[in-house]
Amino acid sequence: MKDTHKYGWLAFIPAGIACFYFFLHTCPYHLLHKEQTTLFVYAAETLSSYLDKPAVLSCLAGDYLTQFFRTPVTASALMGGMMLLTGLVYYAVFRKWMNAWLAILPAFIIIFWETMRSCGLLYPLSSSVSLIGGGGLYLIYDLIKNKYLRIGAGFVGIILGYWLFGYGVFIFLIFLLLSSIKSRKDILWTCLAVLATIAIPGIFSRNYLLTYSQACQYPATSWWDTPPNPLFERLTGLDIEAEAGHWEKVRKLSFPDERISACSYYYNLANAAENKLPDGLMNYYQPGAEGLFMPISSASSYLSALFANEVWFRLDDMTMAEHATILGMIFSPNHTGSRMVKRMAEINLINGDNEAAMKYLRILSKTRFYSQWAKDRIPGKESEPVKQWLKEKRAFIPQSDTIRTSTVDVVKSLRLLLKSNPDNRMARDYLLCLHLLAKNLTAFMEDYVAEPGKAPKRLYAEALMINLVRRQATGDEIRETVIEPTVVKDFKEYSRLHRQSKGNPQALVGKFGNMIIRMMSVDLLNII
């Protein structure tokens, strides 16, 4: 039947544009995160490592394209282009058996399926390449009309397809079956092709160090995914913006009306980076110590380790920052990534371990987008801004170290930082706020150091007032503490309302909901 519909393929252009806007407005940080956990290195040894797994062409092409996920617009444009190409390839395949307008529907379904899969945080672009490769392989095979050449090309296509496209060979097989069923020819050899395709992953799985199921679906990580989780999108956004030092964006993404520990963690980091940690601590949900330090354990995800290193790095504890970064690298899907390699280079540069730093800088120097970054940090040849940055960072690193753990010895780590450099204001704020969140007023008083002639920040002043009242200090002692009169006045008013309402919290929340005194649970009925 003559087909008069010549322009059905044009329907995929708006579909590609729709995918671009979908990724741009729904999961841009997901895409940026994929770039940060992938590193395409232009080196023979690295490129040859792709031979260690199936889907060589898919993985090479996928990782190559992922390096361009540098901004939300470019990343979304590439994803839109990939979905457009997917639609066109499968439209061409289905056109073999049906009318142009009918062929659009299954091609659209495949685009939708692949778009949803691509929303997964760990779903690689190489899997999309495999999907396209499987369909493209069938289109090439279908050009061959000679019966015996088709049989030979079919078996070659199965072997070559698995090597080049991984699970894409099963897509190729499905279309071989459909073609055979439709023509009712070559049934025998098609059955042999099915057996060969099923057997090949099992034959090579041992060499590829994969289980049979992994070998069958490589490089895909899932067969289905839902639209991106808004919480994961926010968390990756918080991490990416914090790493870039965009603190206002971090505050906007934190959503103070929700009680999420990781949001509190980044909200506090944003305030601490601008010397505002005690000023904003009680204005936001605080889940205890987890609001200041991300806990890491054997059950933690690589994201937790990736998040955890940010605070330690900005506190200038390079031992703890390196520990978290290495854990993140080990447990990340690719065991590498631009973000973690850059951080390891920075840590070793700050520590003065030039040989270790050069190991990471050499890797980065062979990339498209980080070669200049690495060149500016070559030991002895640093650019002026890098020299200044290193000077500032090295001034705060500890001069001695000790054995400690990331989850138990946080206080020890902070005290070690302050012992080496008492001017590390960020470390002091984290230490004092950690004591207050733990309701450990005794430890707070041990570590609090008054600045001569300056009134303490309000949060600290409230804690000092609690301590003064507890030990029944005199008016002269209160004045010597240089506490601002407004704090003393509010403290007295809180005490009056507390007695008058007999401890009813609703009577105190309106005006005093963010006072540290409420969290410390002091019995104010005895305050005079």
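**View 1. Tyr90, Phe94, Trp97, Tyr138, Tyr141, Phe172 and Phe175 make up one aromatic cluster.** The model is predicted: local features need pLDDT of at least 70 and side-chain atom pairs pLDDT 80 or more, while totals for chains, interfaces and linings use all residues. Residue numbers start from 1 along each chain as its sequence is written, and side-chain values use heavy atoms, with hydrogens and water left out. Aromatic pairs in the structure number 28; a pair needs ring centres of Phe, Tyr or Trp (its six-membered ring) within 6.5 Å, and its planes are called stacked under 30 degrees apart, edge-to-face over 60 and tilted for the rest.

**View 2. Tyrosine 141 and phenylalanine 172 pair edge-to-face.** Their centres are 5.7 Å apart, with 85° between the planes. The pair links distant parts of the chain, as tyrosine 141 belongs to helix H7 and phenylalanine 172 to helix H9 (residues 168-183), 31 residues apart. Helices are DSSP runs of H or I with at least four residues, numbered from the N terminus. Tyrosine 141 and phenylalanine 172 are both buried; that term means under 20% relative accessible area, with exposed over 50% and partly exposed in between (1.4 Å probe, protein chains only).

**View 3. Aspartate 142 lies in helix H7 (residues 125-142).** Aspartate 142 counts as buried because its relative accessibility is 12%. Apart from neighbours within four places in sequence, aspartate 142 is in contact with Lys96 and Arg150, where contact means heavy atoms within 4.5 Å.

**View 4. Two arginines are placed over aromatic rings.** Arginine 117 is over the face of tryptophan 113, 4.1 Å from the ring centre. For arginine 343, the charged end is over the ring of phenylalanine 313, at 3.9 Å from its centre. The criterion is NZ of Lys or CZ of Arg within 6 Å of the ring centre and within 35 degrees of the ring normal.

**View 5. Leucine 10 is in the segment before helix H1 (12-26).** With 37% relative accessibility, leucine 10 counts as partly exposed.

**View 6. Glycine 380 is located in the loop between helix H20 (371-375) and helix H21 (384-394).** Its relative accessibility is 67%, so glycine 380 counts as exposed. Between the C-alpha atoms of glycine 380 and alanine 44 the separation is 28 Å. Along the chain, glycine 380 and alanine 44 are 336 residues apart.

Conventions: Helix = DSSP H or I, 4+ residues; strand = E, 2+ residues; numbered from the N terminus.
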